[in-house]
Amino acid sequence: MKPSAPVWLFDLDNTLHDASHAIFPAIMANMNTYIARVLGDGVTPAGIEAVNAARTLYWKRYGATLLGLMRHHGVRADHFLRETHEMDDLLSMIRHEKGLGSLLRRLPGRKILLTNAPHRYSTRVLRHLGIHRHFAHHIAIESMRVHGQLRPKPSKLLLRKVMRHQRVAAQRCVLVEDTLANLRTAHALGMRTVWVTQYLKVGDPIGTAHPPKRLTRPGWVDVKVKSVRSLPARLSRLRGQ
């Protein structure tokens, strides 16, 4: 009996393009400026040590710095996302492999973009990569609400909602990511998991939060690849055959 085609859930940054090259440093600079303003006294911004401590604490506790800023400082998600992801020279900062469109055409099954980045930013990147038409759905962070609360990756509530809306069982889903925490949650729900490693940098404060010193495949990763272009060759493993 022929197995059902997978439903692919693709991350964007550091999965489909090299965000660590220039985009993540720019977002980090914007984020630091924003957090310093939020933590400051209204006149003087907070120092970099306080900014780094808050950003790291909220990432560890909530899975996203934004959630901590919303909960403890009354920050509006739309304002934060607009301020931190607005880059006039964004398109010139994008680095990516050739052949992404061909790769997505070769993969059987539906493709969904699932990114913790905002919709305006991720749409600009997708269009620049020339692959926006390959995705049946584009789920950006603004759409990651469960019962009215923002629940970005690695939220189990979010992944369950995605599966429910797509009418697909976890066993048919394949999450393709650079972030181990997101893959771990997906694996716990029964999804197949692919870890993309080529753009990871030890010490990169965005995306992986705390990258491992060695890129050893953990037990909750079914397939580890350097590049998404290796996915067609790993289909049998991802289908459990």
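## Aromatic cluster and pairs

Trp-8, Phe-10 and Phe-135 form one aromatic cluster in this predicted model. Across the whole structure, a search finds four aromatic pairs. One of them joins Tyr-34 and Phe-80: the ring centres are 5.2 Å apart and the planes stand at 90 degrees, so the pair is edge-to-face. The cut-off for that class is over 60 degrees.

Tyr-34 belongs to helix α1 (residues 23–39) and Phe-80 to helix α4 (residues 77–85), so the pair ties together parts that are 46 residues apart in sequence. Tyr-34 is buried, at 5% relative accessible area. Phe-80 is buried too, at 4%.

## Packing of α1 and α4

The axes of α1 and α4 come within 8 Å and cross at roughly 135 degrees. The two helices are therefore oblique to each other.

On the α1 side, the contact involves Ile-27, Asn-30, Met-31, Tyr-34 and Arg-37. On the α4 side, it involves His-79, Phe-80, Glu-83, Thr-84 and His-85. By class, the residues of this contact divide into four nonpolar, four polar and two charged.

## Leu-235 and Trp-8

Leu-235 lies in helix α10 (residues 235–238). Its relative accessible area is 14%, so Leu-235 counts as buried. Leaving aside residues up to four places away in sequence, Leu-235 touches Trp-8 and Pro-108. Trp-8 is also a member of the aromatic cluster with Phe-10 and Phe-135.

Thr-216 is 19 residues from Leu-235 along the chain. The C-alpha atoms of these two residues are separated by 21 Å.

## A charge over a ring

Arg-184 places its charged end over the ring of Trp-220. The distance to the ring centre is 4.3 Å.

## Backbone exceptions

Most residues other than glycine have a negative phi, and most peptide bonds are trans.

Pro-154 sits in the loop between β5 (149–150) and α8 (156–166).

Asn-14 is buried, at 1% relative accessibility. Arg-167 is exposed, with a relative accessible area of 78%.

Notes:
Residues numbered from 1 in each chain as written. Predicted model: local features only at pLDDT ≥ 70, side-chain atom pairs only at ≥ 80, totals over all residues. Heavy atoms only, no water. Phe/Tyr/Trp six-rings, centres within 6.5 Å; stacked < 30°, edge-to-face > 60°. Helix = DSSP H or I, 4+ residues; strand = E, 2+ residues; numbered from the N terminus. Buried < 20%, exposed > 50% of the residue type's maximum accessible area, 1.4 Å probe, protein only. Lys NZ or Arg CZ within 6 Å of the ring centre and 35° of its normal. Contact = heavy atoms within 4.5 Å. Axes fitted to C-alpha atoms, helices over the stretch in contact; angles between N-to-C directions. Parallel < 35°, antiparallel > 145°, perpendicular 65-115°, else oblique. Nonpolar A, V, L, I, M, F, W, Y, C, P; charged D, E, K, R; others polar.
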